Amino acid sequence: MENAARIAEGLALAAREINASHDLEATLDSIVHTAVGALPGMDHAGISVAHRNGKVETRAGTGQLVWELDALQYALREGPCAHAIDIEPVTVANKLRHDQRWPNYVPRAVRMGVRAQIGLRLYVEEKTLGGLNLYSVEADTIDPDEVHTAELFASHAALALGRARRESELSEAIGTRKVIGQAIGMVMERYEIDEDRAFQFLVRVSTTSNVKLRDIAQEIIDTANTNYARRAHVRSTAGASGLDRIR
C-alpha cells in the first residue's frame, strides 16, 4: 500500500510539472527524480531526446553515471536504451552481466556498476521522441510491477516532450513569418514594388539558388543591418573628425 501511494504521488507530481510553466529541462528533471523515488528497484534515471537527424542526446539525469551510460549506448548503438528506441519499445535487462544481446556495451556497463536496466521508448502518435532510461546498481532483477510503473512515467515524459516540440515548432513558425515579412518590406522599398511581387521575388531567388526562403530573408536582413551599422560608423567618425577640427 505504501509503495502504491508513493507511485501515485510521483505520477501526480510528474503530471503537475508537465502542466506547470517550467521550461522543458525543469520538467524532465522533475520526472527522472520522481521516477527514481517511486521505483524502489531503480537507482538512476535519464531522459533522452531523438533529433530529426538521428542523433540522440540526454536532456535530464539523476547523476553523472546516467549521462555516461546513455552516451555510451548511443555511441555504440547498443544497450537497452538504444534497443528501446530502435527496436523494442520496452526493453528489460535483468542480470545484465549475463546478457548476450549487447557484447560491446554490457562489459563496460557492468564495470561501471550496473546490475539491471530498463529502456523505454518515448513516443506520441507512433512518432519517436526519445527514451526513458532506468538503471539499478543494487538489484539484479526488476519487479514486473516496476516495469509497468516505469511505462506510466514514460507516458508522462512523452507528453512533456511532445508539448515542448509543438511549442518549439510554433515559435519557429512565428519567427519565420516575422523574418520573411521584414525581408518583403525591404524588397518593396528597394525596388518600389508591391507586396505580392516582393514575395515572388524572394521565392524566385530561393528556387534558383536552392536556398530556403527563410535563409534568403535572413540574409537580406543581415545585409541591411550590416550596411546600416557601417553607415552609422562612418557618420560617427565624420562627426568626431569635425569636432576635432573645430577644437
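Is Asp-86 buried, partly exposed or exposed, and what is its relative accessible area?

Reply: The model is a predicted one. Asp-86 is partly exposed, and its relative accessible area is 44%. The side chain of Asp-86 meets that of Arg-77 in a salt bridge, with 2.5 Å from N to O. Arg-77 also counts as partly exposed, at 37% relative accessibility. Side chains of opposite charge can pair when their charged atoms come close.

A search of the whole structure finds four salt bridges. One of them joins the side chains of Arg-97 and Asp-140, at 3.1 Å from N to O. Arg-97 lies in the loop between β3 (90-93) and α5 (105-111), while Asp-140 lies in the loop between β5 and α6, so this pair ties together parts that are 43 residues apart in sequence. Arg-97 is partly exposed, at 45% relative accessibility, whereas Asp-140 is buried, with a relative accessible area of 18%; the cut-off for buried is under 20%. Arg-97 and Asp-140 also belong to a network of salt bridges in which Arg-115 is linked with them.

A further salt bridge is formed by the side chains of Arg-101 and Asp-99, at 2.7 Å from N to O. Here Asp-99 is buried, at 13% relative accessible area, and Arg-101 is partly exposed, at 39%.

The surroundings include a nonpolar core. The largest such core has 28 residues, and those that touch the most other members are Leu-28, Ile-47, Ile-118, Leu-122, Leu-132, Leu-134 and Leu-161. Two or more residues come from each of α2, β1 (44-50), β4 (116-124), β5 (127-136) and α6 (144-191). The greatest contribution is that of α6, with eight residues. β5 and α6, which flank the loop of Asp-140, are thus both among the elements that supply this core. Apart from it lies another core, of 18 residues, including Val-56, Val-66, Leu-72 and Val-114.

Helix α6 also takes part in an aromatic pair. The count of such pairs comes to one: Tyr-191 and Phe-201 are tilted, with 5.3 Å between centres and 45° between the planes. Tyr-191 lies in α6 and Phe-201 in helix α7 (residues 195-209), so the pair ties together parts that are ten residues apart in sequence. Tyr-191 is partly exposed, at 43% relative accessibility, and Phe-201 is likewise partly exposed, at 23%.

Conventions. Residues numbered from 1 in each chain as written. Predicted model: local features only at pLDDT ≥ 70, side-chain atom pairs only at ≥ 80, totals over all residues. Heavy atoms only, no water. Core = buried A, V, L, I, M, F, W, Y, C linked by side-chain atoms within 4.5 Å. Buried < 20%, exposed > 50% of the residue type's maximum accessible area, 1.4 Å probe, protein only. Helix = DSSP H or I, 4+ residues; strand = E, 2+ residues; numbered from the N terminus. Phe/Tyr/Trp six-rings, centres within 6.5 Å; stacked < 30°, edge-to-face > 60°.
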